[in-house]
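Work through the exercises below with the sequence and the model side by side. Each task is followed by a solution in steps.

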Amino acid sequence: MSKVGIILEREFMTRVKNKQFIIFTLLGPLLISLVFVIPLLLAMFDDDNQRIWVDDQSGLFSGQFESTEGLTFVELKEGGEQWRDSVKQAENTGLLVIPQQFDLHNPKGFAYYSSSPLGLSAKSAIEGGIRSRIEAIKLEQSGLSRGFIDSLRSKVNVETFKLTETGIENSSTDASTGIGFAAAFIMYLFIFIYGTMVLRGVVEEKSNRIMEVMVSSVRPFEMMLGKILGIALVGLLQFALWIVLSFGIISVAQAVLAPELAKEMVEANAQTRGMGALDPEMQAQANEAAADMGQSFFDALGTINLPFIVGMFLFYFLTGYLLYASLFAAIGSAVDNETDTQQLLFPVTVPIIIAIIVAQMVIQNPTSAVAFWFSMIPLTAPIVMVVRLPFGVPGWELALSMLLMVGGFLGTTWIASRIYRVGVLMYGKKPTLKEIGKWMFYK
Amino acid sequence: MNPNPPFLSVQNVVKRYQQHTALSGVSFDIPQGSIFGLLGPNGAGKTTLIRIINQIIGPDEGQILLNGKPLTPADTRRIGYLPEERGLYKKMKIGEQALYLARLRGLSAADARKEVKYWFEKFEIQSWWNKKVEELSKGMQQKVQFVCTVLHKPELIILDEPFSGFDPINADLLKREILFLREQGATIIFSTHRMESVEELCERIALINQSKVVLEGNTREIKRQYSTNTFLLRYEGTLPALSAGFELLDSKQQVDGSQEARIQIGSGGANELLQEVIGSVRIHALEEQIPNFNEIFIRTVKAPMS
């Protein structure tokens, strides 16, 4: 086995066997799937039904408040002060008092009494109910019908189509934005996490003083390459595990939770309508509704060429990582301990941060000049280009950017190896950037 | 060409850094199977020279021949190097670490395992196999590092301050191993400040000071060269006036009443001196004052550069 291979193996194995890696690998997908599962869970467990007693002294609001899943309105037949005392005893219950008379143009005097604070959604349900009733009264007074007002409101949804050479494709801006930004953010995280891992590895070798033992058997370039490639494999493994585990957890969660959720919805409906038994037709509808929640997202995904994007993501991840990791390695080689890295890291982290800022602008306008140039510069391309990918990128732009990427990482690796080879043997004073620059030209 | 070239030949090696010259025209030969002391004060250029021999850095001028041929990258396999600044991966198990370093030196995985086992048994450290470096004391780490230096059976072993951090018992163990390795045919370069170990182990030395070799050769010859022909005479009685060939440097009364005199012999020898004084005083002892390497070192380094 070549020496690079032996080093690669060690770098890979020590990290994969590390507890941190195992925990992080398992925790990542859990966090990702929580994003998908939590809304489902919330819908399921949110059965703390809140009751609101309505003491409508004006008599205008009868039937105005519609009970929803989490909120039940009960109209009191007879109002009075005594309800305030009983509301104190009751759990999850509040008392809404509507005054006998109020000014339609400046409605005031509505009061809510409860032992627990009023939730935001309940508040807006109450206010909405009052508002729409007042609106209705005003409409009646002005002689316009409710139907007419409703007909004034129109819902517009622009369907987006992309013109391609083969015809018209249905495209989804929302899904593109989501995927593009998620990919850019993961790229940003990965470059940072694994780049720092390389940096720490090099600093460890230097501060442990194992460097000198190593460089007498291995050329510094082989050491650097083995380390960078070993950690790249760790990153790819983690990425693959994340994807597999996340999809696994999400699909299991959907399979388990979706029927439950459907049942809940049906039961809730049945209760509000005062029906005891479950209507099979309704059950089917609810099942469908629950399935739709997941389906609509996957439909949107279907309009995007996912394998292509994943492939491109991997390409930009690998080249972007190699580019930055070699710079991180060079910085690590220049210092004796980790605390000294901060100042030197600055020029390397700035382009990554710029890229993530530009990525947000690119989402607004994926074909702008900013988008073009920043997806060409190898330092920012890995992040900016993956944002653009779901929106479609002309072939020549992609090819040029990829070519520059390869050139970029070869260039930084060359520069880094020249710094590294000098840096690993330098102990003592922390070098300045200028001095590090000079190392490049040492024989 | 010399039919029997020296094992290692350092020829006119020059290394310049931006501010200073680390080595200017350093040359010496190391015969096969010898223990060679590379001496010099801090900053003299020893580490630079060792790095050049290890091909970690290249010389600006000059060359280094191994068996008469210039060093090639493949030769690193034939060298075992224990640097002065040495360390191991803190979080890695000792056994795995030794295997790793052995494989990087070119052993196959199977050979590496065999050699590591052999050396661990020899040093009685088998039970450390699964320990991490951070669990070991400094002396224990030094043992492991020494093992890692020699387990690929190098022909040339370079030890930079090998005794630092060792207690006397382990230092003795290490000394025995160094002699054992020499018996096995290895050539050893030994860089140190500890002159007593130089006297015990080294057959030849080179003393580097301010980037130049200032003293080089066989240890016994060097000692003779530095001998001032001074004798220490312990006696009772009154010393007679000495003839022209002898010079009394000083004399001291000892606690037990005897006298101790330092006498430099200009011509003749110890026998003539004895003849001259034997009638007048009662002689307890006569010994030659041989300079030790500590003195030679200090004298050479402090001498103004010619």
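**Exercise 1.** In which sense do strand β1 (residues 8-16) of chain B and β2(B) pair, and over how many bridges?

Solution. The model is a predicted one. Start at strand β1 of chain B, residues 8-16, and look across to β2(B): the two run antiparallel and are joined by six bridges.

**Exercise 2.** Find the order of the strands in the open sheet of chain B, and explain why β2 and β5 of chain B each have one side without a neighbour.

Solution. First, list the order: the four strands follow one another as β2-β1-β4-β5 in chain B, with antiparallel pairing. Next, go to the edges, where β2 (21-30) and β5 (69-70) of chain B stand. Each of these has a single partner strand, so one side of each has no neighbour in the sheet.

**Exercise 3.** Describe the hairpin of β9(B) and β10(B).

Solution. Strand β9 (residues 204-209) and strand β10 (residues 212-218) of chain B pair antiparallel over six bridges. Within this pairing, I205(B) lies opposite G217(B) of β10(B). Two residues separate the strands, and Q210(B) has a positive phi near 45 degrees.

**Exercise 4.** How many residues of chain B are in contact with chain A, and which helix gives the most to that side?

Solution. Count both sides: 17 residues of chain B contact 14 residues of chain A. Helix α2 (residues 94-104) of chain B contributes the most to the chain B side, with four residues. Finally, sort the residues of that side: nine are nonpolar, three polar and five charged.

Note on methods
Residues numbered from 1 in each chain as written. Chains lettered and ligands numbered in written order. Predicted model: local features only at pLDDT ≥ 70, side-chain atom pairs only at ≥ 80, totals over all residues. Pairing = 2+ DSSP bridges. Contact = placed C-beta atoms within 7 Å. Nonpolar A, V, L, I, M, F, W, Y, C, P; charged D, E, K, R; others polar.
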